[in-house]
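Me: I've got a model open and I'd like to talk it through with you. Could we start with the pocket and work outwards from there?

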Amino acid sequence: MASKNYTKIVTKDKTHLAMVSLKQYEELLPPSLFVRIQRGCIVSLKWVESFDQHFVYGPGQQLPIGDMYRGSLIGSVKILTYQAAQDTDARTGKSIVARL
């Protein structure tokens, strides 16, 4: 008898169907490399290009983020910010702002 717990695994090259629940994969996969973004989806952090409050963006795709999983996504990535740094143009003496 077939189990109702199956997982579709999508890679760059292929799609596989496994008779293993997503919860079991979540327990097996290293949390430093994978994060659950909704009830039915775990993504590789290497695939993630960016995200906002509602979607995770990867190469040519966007996936919705579940409200319950938003915090775990934010906690799984290092968010880099840039700040304004003020400097002076040597030729003109005028103040310039550079974004780092």
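Me: How much space lies in the largest pocket?
Reply: Keep in mind that this is a predicted model. The space in its largest pocket comes to about 820 Å³.

Me: Which residues lie nearest the centre of that pocket?
Reply: The lining of the largest pocket is made of 22 residues. Those nearest the centre are Lys8, Ile9, Val10, Ile42 and Val43.

Me: Which helix supplies at least two residues of the lining?
Reply: Strands S1 (7-10), S3 (34-38), S4 (41-44) and S7 (61-64) each give the lining at least two residues. One helix does that too, and it is H1 (22-28).

Me: By class, how many residues of the lining are nonpolar?
Reply: Five lining residues are polar and four are charged. The nonpolar ones number 13.

Me: Let's take Lys8 from that lining. Is Lys8 buried or exposed?
Reply: Lys8 lies in strand S1. Leaving out neighbours within four places in sequence, Lys8 has contacts with Thr15, His16 and Leu17. Its relative accessibility is 58%, and the cut-off for exposed is over 50%, so Lys8 counts as exposed.

Me: How far apart in space are Lys8 and Leu22, C-alpha to C-alpha?
Reply: In sequence, Lys8 and Leu22 are 14 residues apart. In space, their C-alpha atoms are separated by 8.9 Å.

Me: On to strand S3, then. Is Arg36 buried or exposed?
Reply: Arg36 has its place in strand S3. Not counting residues up to four places away in sequence, Arg36 touches Leu22, Lys23, Glu26, Cys41, Ile42, Tyr69 and Ser72. Its relative accessibility is 12%, and buried means under 20%, so Arg36 counts as buried.

Me: Which residue has its backbone oxygen 2.5 Å from a polar atom of the Arg36 side chain?
Reply: Two backbone oxygens come up here. The one of Gln38 lies 3.3 Å from a polar atom of the Arg36 side chain. The one at 2.5 Å belongs to Arg39.

Me: What about the other arginine, the one in helix H2? Which side chain makes a polar contact with the side chain of Arg70?
Reply: Arg70 is found in helix H2 (residues 70-76), and with a relative accessible area of 16% it is buried. Setting aside residues up to four places away in sequence, Arg70 touches Gln53, His54 and Ile65. The polar contact of its side chain, at 3.1 Å, is with the side chain of Asp67.

Me: Which residue takes a positive phi in the hairpin of S6 and S7?
Reply: That hairpin has two residues between its strands. The positive phi, near 70°, belongs to Gly60.

Me: With which residues is Pro59 in contact, leaving aside neighbours within four places in sequence?
Reply: Pro59 is found in the loop between S6 and S7, and it is exposed, with a relative accessible area of 52%. Pro59 and Trp47 are 12 residues apart in sequence and 7.3 Å apart in space, C-alpha to C-alpha. The contacts of Pro59 are with Trp47 and Glu49.

Me: Last, the whole chain. What percentage of its residues count as buried?
Reply: The protein chain has two helices and nine strands, in the pattern β-β-α-β-β-β-β-β-α-β-β along the sequence. Of its contacts with a separation of 6 or more, 16% come from residues 24 or more positions apart. Of the 100 residues, the buried share is 19%.

Technical notes:
Residues numbered from 1 in each chain as written. Predicted model: local features only at pLDDT ≥ 70, side-chain atom pairs only at ≥ 80, totals over all residues. Heavy atoms only, no water. 1 Å grid on protein atoms, 1.4 Å probe; cavity = no way out; pocket = protein on both sides within 12 Å on 5 of 7 lines; lining within 4 Å. Points joined across faces, edges and corners; volume = space filled by probe spheres on them. Helix = DSSP H or I, 4+ residues; strand = E, 2+ residues; numbered from the N terminus. Nonpolar A, V, L, I, M, F, W, Y, C, P; charged D, E, K, R; others polar. Pairing = 2+ DSSP bridges. Buried < 20%, exposed > 50% of the residue type's maximum accessible area, 1.4 Å probe, protein only. Contact = heavy atoms within 4.5 Å. Polar contact = N/O pair within 3.5 Å; in protein donor to acceptor, adjacent residues only side chain to side chain.
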